[in-house]
Amino acid sequence: MSEIALQVNFALNIALLLMLIAVGVAIARMRSLLAAILLMGVYSLVSAVWLIVMDAADVAFTEAVVGAGISTIVLLGAILLVRAGPVRHNWRMTIAPAVLVLGVGGLLVYAMTGLPEFGDPASPANAYVGRNYLIQTPDEIGVPNVVTAVLASYRGFDTLGETVVVFAAGIGVALMLGFGPRSSLPPLPAAMGDHHVVLRVTARLLIPLIALFAFYVQFHGDLGAGGGFQAGVILAVAPILHALVFGLHETIAALPVRAVRSIATLGVLLFAGVGVICMINGGGFLDYDHLFPPGVEAIIPPGLLGDPDHAHQWGQHFGIFFIELGVLLTVAATMVTIFYGFAGRAVEEP
Amino acid sequence: MVDALHLIGGGLVVAGTLLTLLGGVGVLRFPDVYTRIHAASLTDTGGATLVLLGLALISGLTLETLKLGFVWMFVMLTTPAAANALANAAFSAGHTPRIGAFQITKGVAAGEAGPDTPRRETSDGNKSAAP
Amino acid sequence: MSVAATHFNYLAVVVLMMIGLYVLFSTRNLIKQMIGLGLFQTSTALFYISLGKVSGGTAAIKIYADSVEGRMLAAPLDPDFVQQFGVGGVVYSNPLPHVLILTAIVVGVATLSVGLSIAVRIREAYGTVEADEIEAVTRVDAARVGRDP
Amino acid sequence: MLLAAGIAGLVVAMTMMIWRAIVGPSQYDRMLAANSFGTKIVLLIAVIGYLSGRPAFLDIAIVYALINFVTTIAFMKFFRYRTLSRSLGPEARNG
């Protein structure tokens, strides 16, 4: 049974990569921007399945929501605002890039032959750091999902940096699109004669389920695939769907712009605050073993959560819980801010 | 018993896949948008039902079966709704269904030229149904 | 096994990366350039994940070697291989690239939207998103400023 | 073995959808192909999970089924209304 699984994995790897190349070539040749965006969605769906074949379940989660959902919607909003026509092609402009690409590609292929074989467990990338994380996580962190452990605990400072980058990008979009006379679109009248009953009923059913599922992904994140980044982008899809079906003004009435921007800030503050609390209690920045003061640490019964031999894991569990919550708030609020920026901006008069 | 269930489940998965393939042939071969939507959405829901039922038989009574039920529910909710939205958008953009072998379809290229194409206002059948 | 077979993933990554680079250079439309940048970025992600794959491995979420899944995963593998490269009797893929790419994807969409919002503001200021026309408009403006200051 | 055959069939069906998404001819055909492609991906993920012995991946299939719908609505609004912010249907009566 399982030999078949290995062979299927091998065959799927090749088939999906060939599909990716085919879609990539089609994107490059497509004149219509809209078709290119649609194919980008297909491209990221294929790459997400490929990620599952490559055992990267957490990444597949993110790629699915971000690539096929949010980035497609943002691109659509952007081409609505720029009212871009079909891309013009100029034959003279394709020769120099083709030569350049062939040259660089040849160099990269030459360099590629020096890489270790695909799937080699003894390659430098797999044999040292990654393996150490796998070995030490049960003892030091005590969560089954090693990706969450590395993301939130071992590389917590890096993750704080990523969260701040996402937050800063949200500020950038809000500054460029979310202020000024064009940022507040007057409510558009609902189109006469249109009554999308099917869509409205389906959306009404799905929006709460999407939000619920986001929280499942969030709190299930240390046991299985999931975590703050994945849950954040899923949670952002719920207000986006609401705005798409019931109108942006309804959504802004329920979830004001100001509140969304504050939530994004709150997430970053929560993340950094956990780090500062660890410092106050005598540890390093984001060192969750010192999340609780020594006095509290002493009265925690060993084995309350996790392994009885490692009482420190209590701090790790709660530290990961709080910073994942901060990541969730920041990512979700930033994505909603970006959507508000693109969807709420008025198109200039022609 | 367990082996028999696995066999039946696998058979259902293959049957669902065949239905999906049939839909794929329909999407490739049918002449206009509406018939293609018809082929894709019907075989997608049918194929999903068979595949997920087969997987549920394989997994038995576990948490995974519940998740399979959720997947089935979402597919059954979203695929017809999306097909509805799609057909609505195509019809209001001026695609006329192709009836008969020799009728020339006027608006087939209406959605082709990208965002610059002015949207054709149509008096579609929705108006009569409005409250 | 030739190099093309053992390094097929890397070859595909190079091809995808070059497609992205080609899109980036062959068009002057800012939105299309963003799409090309997205292709380029995805190919980097594919490269990292390819490097972290261990043949016969599974996702880095702990399972027990004596559970049903653990036995099923270990069945087709050589016991010596599992002993040498496994952790607790199960061979996992490398989790570190997954962590890096997971955050990179979310950061990627955030930066993509910053780029797109710059393109939107350029459209509002210059009336086009074609880089040639933007340069032409800038040149005309500069000439006018130079003529009557 | 049967599951492997199912995966092969789904991959072939996905290839057909990619062909339809690339050749068009209209944008609606492309959108239809992308939507149907998403459904096939959901099924593919579920079957891969069972074949490789990690059925916990079904969570990802659930996400796909949801996201696919949202993207289709966004494209539909793009085609019909040229805006993402308009309300579908009558103004809110109950909210």
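The legends below accompany close-up views of a predicted model.

**View 1. The contact between chain A and chain C.** Chain A supplies 87 residues to this contact, and chain C supplies 75 residues. On the chain A side, helix α3 (residues 57-82) gives the largest share, with 14 residues. By class, the side of chain A that touches chain C holds 60 nonpolar, 19 polar and eight charged residues.

**View 2. The two domains of chain A.** Domain 1 of chain A spans 1-116, and domain 2 spans 144-350, according to the domain assignment. Their C-alpha centres are 27 Å apart. Where the two domains of chain A touch, domain 1 contributes 15 residues and domain 2 contributes 18 residues. The domain 1 side of this contact comprises 10 nonpolar, three polar and two charged residues.

**View 3. The fold of chain B.** Chain B contains four helices and zero strands. Read from the N terminus, its elements follow the order α-α-α-α. Chain B has 131 residues, and 43% of them count as buried. Among contacts in chain B with a separation of 6 or more, 62% join residues 24 or more positions apart.

**View 4. Helix α2 of chain B.** This helix covers residues 33-59 of chain B, 27 residues in total. From first C-alpha to last, helix α2 of chain B reaches 38 Å. That is close to the 39 Å expected at 1.5 Å a residue. Why is α2(B) described as largely enclosed by the rest of the structure? Because 19 of its 27 residues are buried. Here, buried requires 20 or more other C-beta atoms within 10 Å of a residue's own. Just past the end of α2(B) sits B:Gly60, with a positive phi of about 75 degrees.

**View 5. The largest nonpolar core.** This core has 249 residues. Which members touch the most other members? They are A:Leu39, B:Val71, B:Leu86, D:Ile45, D:Ala46 and D:Val47. The core also takes at least three residues from each of domain 1 (1-116) and domain 2 (144-350) of chain A. In soluble globular proteins, nonpolar side chains tend to be buried together.

**View 6. The surroundings of B:Leu86.** B:Leu86 is one of the core residues that touch the most other members. Leaving aside residues up to four places away in sequence, B:Leu86 touches B:Ile37 in chain B.

How values were computed
Residues are numbered from 1 along each chain as its sequence is written. Chains are lettered from A and ligands numbered from 1 in the order in which they are written. This is a predicted model: local features need pLDDT of at least 70, side-chain atom pairs count only at pLDDT 80 or more; totals for chains, interfaces and linings use all residues. Two residues are in contact if their C-beta atoms, placed from the backbone, lie within 7 Å. Helices (H or I, at least four residues) and strands (E, at least two) are DSSP runs, numbered from the N terminus. Ala, Val, Leu, Ile, Met, Phe, Trp, Tyr, Cys and Pro count as nonpolar, Asp, Glu, Lys and Arg as charged, and the others, Gly among them, as polar. Domain bounds come from an automatic or database domain assignment. The expected span of a helix is 1.5 Å times one less than its number of residues. A residue is buried if 20 or more other C-beta atoms lie within 10 Å of its own, exposed if 12 or fewer, and partly exposed in between; C-beta atoms are placed from the backbone. A nonpolar core is a set of buried Ala, Val, Leu, Ile, Met, Phe, Trp, Tyr and Cys residues joined through C-beta atoms within 7 Å.
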